[in-house]
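Hi there,

Here is the structure I promised to pass on to you.

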Amino acid sequence: MPHENIKRAIMKGTGELPGTSYEEYTYEGYGPGGVAVLIEVLTDNRNRSVSEIRHIMSKHGGSLGEAGCVSWMF
């Protein structure tokens, strides 16, 4: 991998690269055994993060829920 690609990835991750904006989201769902889960995320791409979280939750026996489905419990 070229040195410039590594340097650009580090700069993007630390927020030094101009034009990169991060947004905070809260996802709700149920883990294995019906355990309520709140997941707070800081991301630059909402679509990618929600698909990755949905994949991880379903892979381990959980499910991603709608907004408000578990937040009332906390």
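Two housekeeping points come first. This is a predicted model, so I kept local features to residues with pLDDT of at least 70 and side-chain atom pairs to pLDDT 80 or more, while totals for chains, interfaces and linings use all residues. Residues are numbered from 1 along each chain as its sequence is written, and side-chain values use heavy atoms, with hydrogens and water left out.

**The sheet**

Helices (H or I, at least four residues) and strands (E, at least two) are DSSP runs, numbered from the N terminus. Three strands make an open sheet in the order β2-β1-β3, with antiparallel pairing. Here two strands pair if DSSP finds at least two bridges between them. β2 and β3 (63-64) are the edge strands, each with a single partner, so one side of each has no neighbour in the sheet.

The antiparallel strands β1 and β2 are joined by eight bridges. Glutamate 23 sits opposite threonine 43 of β2, and tyrosine 30 sits opposite alanine 36, also in β2. The two strands form a hairpin with five residues between them, and glycine 33 in that turn has a positive phi of about 80 degrees.

Threonine 26 belongs to strand β1. With a relative accessible area of 46%, threonine 26 is partly exposed; the classes are buried under 20%, exposed over 50% and partly exposed in between (1.4 Å probe, protein chains only). Leaving out residues up to four places away in sequence, threonine 26 touches Leu38, Ile39 and Glu40, where contact means heavy atoms within 4.5 Å. Threonine 26 is 19 residues from lysine 7 in sequence, and their C-alpha atoms are 30 Å apart.

**The core**

A nonpolar core, as I use it, is a set of buried Ala, Val, Leu, Ile, Met, Phe, Trp, Tyr and Cys residues joined through side-chain atoms within 4.5 Å. The largest one has six residues: Tyr25, Tyr27, Val41, Val50, Ile53 and Met57. β1 (23-30) and α2 (46-59) each supply at least two residues of this core, and the largest share, three residues, comes from α2.

What does valine 41 touch, not counting residues up to four places away in sequence? Its contacts are Glu23, Glu24, Tyr25, Tyr27, Ser49 and Ile53.

Serine 49 is in helix α2 and is buried, at a relative accessible area of 7%. Beyond its neighbours within four places in sequence, serine 49 contacts Tyr27, Val41 and Thr43. A polar atom of the serine 49 side chain also lies 2.9 Å from the backbone oxygen of arginine 46.

**Helix α1**

At 1.5 Å a residue, the 12 residues of α1 (residues 3-14) should span 16 Å, and the end C-alpha atoms are 17 Å apart, which agrees. The expected span is 1.5 Å times one less than the number of residues. Just after α1, glycine 15 takes a positive phi of about 85 degrees.

Alanine 9 is placed in α1 and counts as partly exposed at 48% relative accessibility. Its C-alpha atom is separated by 12 Å from that of threonine 20, 11 residues apart along the chain.

**The salt bridges**

How many salt bridges are there? The count comes to two, taking a salt bridge as a side-chain nitrogen of Lys or Arg within 4 Å of a carboxyl oxygen of Asp or Glu.

Through shared partners, the salt bridges join Lys12, Asp44 and Arg48 into one network.

How values were computed
Polar contact = N/O pair within 3.5 Å; in protein donor to acceptor, adjacent residues only side chain to side chain.
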